[in-house]
Amino acid sequence: MESTRNKLIQLLADSSEKYISGQLLSDELQISRSAIWKHMKELEKDGYQIEGKSNKGYRIISYPDKLSENTIRWGLETNWIGKSIIHKESTTSTQHIAHDEARNGAAHGTIIIADEQTNGKGRMNRSWFSTKGKGMWLSIILRPKISPLQAPQLTLLTATVLADVLHSYCNVQPLIKWPNDILLHDKKIVGILTEMQAEQDIINYIVIGIGLNVNQSKDDLPEEISHRATSLLIETEKEHSIKALIQEILTTFEKSYDQYIKNGFPEIKQKWESYGFKIGEEITIKTLKDHFRAIFLGIEEDGALRIKRMDGSIEKLYSAEIDWFEK
Ligand code: BTX
């Protein structure tokens with residue numbers, strides 16, 4: 001039943017704005033025309049708006065806002081990203097599914113999306129709160145033909161994509177906090193986790209996980225993060241369509257990725273720095289053996305932090321503890 005329904009939606013979606021005749025649907029699905037009609041009624045109950053004309057057939061006018069493979073695919077005008085979509089209502093982590101799929105040969109551009117994650121992953125074994133239906137919990141499988149040493153550039157690219165979408169589509173002013181948190185009013189709205197499977201100089205695959213807080217109210221955010229996390233609802237005082245955000249992010253991601261493969265990293269670096277939190281400002285840096293003040297200049301090709309010491313010397317830092325919000 002469910003798979004007939006999915007095939008039916010797929011046929012309607014493939015014919016886009018055009019009508020598809022009841023006879024053709026009945027031939028393709030090998031069910032009677034009255035069974036087709038019953039399916040259409042069920043789809044309408046699910047929130048699909050379907051137009052039926054006696055001499056023309058059927059067409060979908062609009063999709064419900066809830067997430068599914070079909071609703072995400074409808075209206076997604078990309079060439080390679082999101083051609084294969086896996087949607088789960090609930091899962092431990094979309095990263096887990098993405099790794100399994102990638103190991104089994106999933107194509108470049110496959111996406112995994114969940115309404116809820118019960119064990120969302122942050123970096124370094126931290127956890128990521130993924131409230132049901134309130135955010136975008138997305139993993140993208142990539143098979144880039146670049147050196148594993150360049151992989152951090154894809155995380156920086158992802159941060160610029162999210163910043164661009166938040167800025168131009170949601171009309172807010174995001175900043176990227178090194179290496180890849182996105183902040184609105186000093187509070188985290190996006191987290192990015194990149195995981196890679198590589199051998200020497202070949203990347204087998206990369207999974208980029210993106211968590212974007214969308215429709216959480218202050219009360220939806222767990223207490224332990226509520227003072228340093230925010231959502232689009234909190235910032236803009238209105239609800240946003242997660243489906244539309246996914247489509248916008250995938251479209252922007254594809255464009256940016258294709259440009260990066262063609263032109264290399266300089267454009268991404270420039271864009272990243274235009275969103276960079278505290279660039280040009282003095283920050284306190286703690287490393288294993290040192291504790292000092294320096295000016296944050298920007299990022300390096302490999303994602304390292306570029307700083308200027310008070311004596312004028314310039315350094316690259318790969319790991320450092322920075323209190324970004326010192327008073
Ligand atoms: P991170 O290690 O930079 O951030 C994790 C930290 O952020 C946590 O320790 C907590 O303090 C805070 N935090 C947890 N949840 C949230 C939240 N919803 N909003 C704001 N702050 C929070 C960032 O790691 C990488 C997160 C990637 C999440 C995506 S979701 C899709 C994919 N699947 C999955 O399991 N992870 C990725």
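1. Which residues does S256 touch, not counting residues up to four places away in sequence? They are L157, V161 and I268, where contact means heavy atoms within 4.5 Å. S256 itself lies in helix α9, residues 242–263. At 12% relative accessibility, S256 counts as buried. The cut-offs are these: buried is under 20% relative accessible area, exposed is over 50%, and partly exposed is in between, with a 1.4 Å probe and protein chains only. The C-alpha atoms of S256 and T160 are separated by 8.9 Å. Along the chain, S256 and T160 are 96 residues apart.

2. A word on the basis. This is a predicted model, in which local features need pLDDT of at least 70 and side-chain atom pairs count only at pLDDT 80 or more, while totals for chains, interfaces and linings use all residues. Residues are numbered from 1 along each chain as its sequence is written, and side-chain values use heavy atoms, with hydrogens and water left out.

3. Now the overall picture. The protein chain has 10 helices and 14 strands. Helices (H or I, at least four residues) and strands (E, at least two) are DSSP runs, numbered from the N terminus. The C-alpha atoms fill a box of roughly 80 × 45 × 30 Å, taken along the principal axes. Of the 327 residues, 49% count as buried. Take the contacts in the protein chain with a separation of 6 or more: residues 24 or more positions apart account for 61% of them.

4. Next, a helix pair. Two packed helices are described by the angle between their axes and the distance between the axes. The axes of α6 (residues 151–170) and α10 (residues 266–275) come within 9 Å and cross at roughly 55°. That makes α6 oblique to α10. Axes are lines fitted to C-alpha atoms, for helices over the stretch in contact, and angles run from 0 to 180 degrees between N-to-C directions. Angles under 35 degrees count as roughly parallel, over 145 as roughly antiparallel, 65 to 115 as roughly perpendicular, and the rest as oblique.

5. The crossing of α6 and α10 is left-handed, a term for a near helix turned anticlockwise from the far one by less than a right angle. From α6, the contact residues are L156, L157, A159, T160, A163, D164 and H167. From α10, they are I268, K271, W272 and Y275. By type, the contact divides into 7 nonpolar, 2 polar and 2 charged residues. Here Ala, Val, Leu, Ile, Met, Phe, Trp, Tyr, Cys and Pro count as nonpolar, Asp, Glu, Lys and Arg as charged, and the others, Gly among them, as polar.

6. How many aromatic pairs does the count come to? The count is 7. Rings of Phe, Tyr and Trp (its six-membered ring) pair if their centres lie within 6.5 Å; planes under 30 degrees apart count as stacked, over 60 as edge-to-face, and the rest as tilted. The rings of Y63 and W74 have centres 4.5 Å apart and planes at 25°, so this pair is stacked. Y63 is in the loop between β2 (57–62) and α4 (69–73), and W74 is in the loop between α4 and β3 (85–91), so the pair ties together parts 11 residues apart in sequence. Both Y63 and W74 are buried. Elsewhere, F277, F296, W324 and F325 form one aromatic cluster.

7. G303 is buried, with a relative accessible area of 13%. Leaving aside neighbours within four places in sequence, G303 is in contact with L156 and W178.

8. W178 also takes part in a cis peptide bond. The bond joins W178 and P179, and omega is about 0°. P179 is placed in the loop between β6 (175–177) and β7 (181–184).

9. Last, two backbone points to check by eye. M124 has a positive phi of about 45° although it is not a glycine. M124 is in the loop between β4 (111–117) and β5 (135–142), and is exposed at 63% relative accessible area. D186, also a residue other than glycine, has phi near 65°. The loop between β7 and β8 (187–199) holds D186. At 42% relative accessibility, D186 counts as partly exposed.
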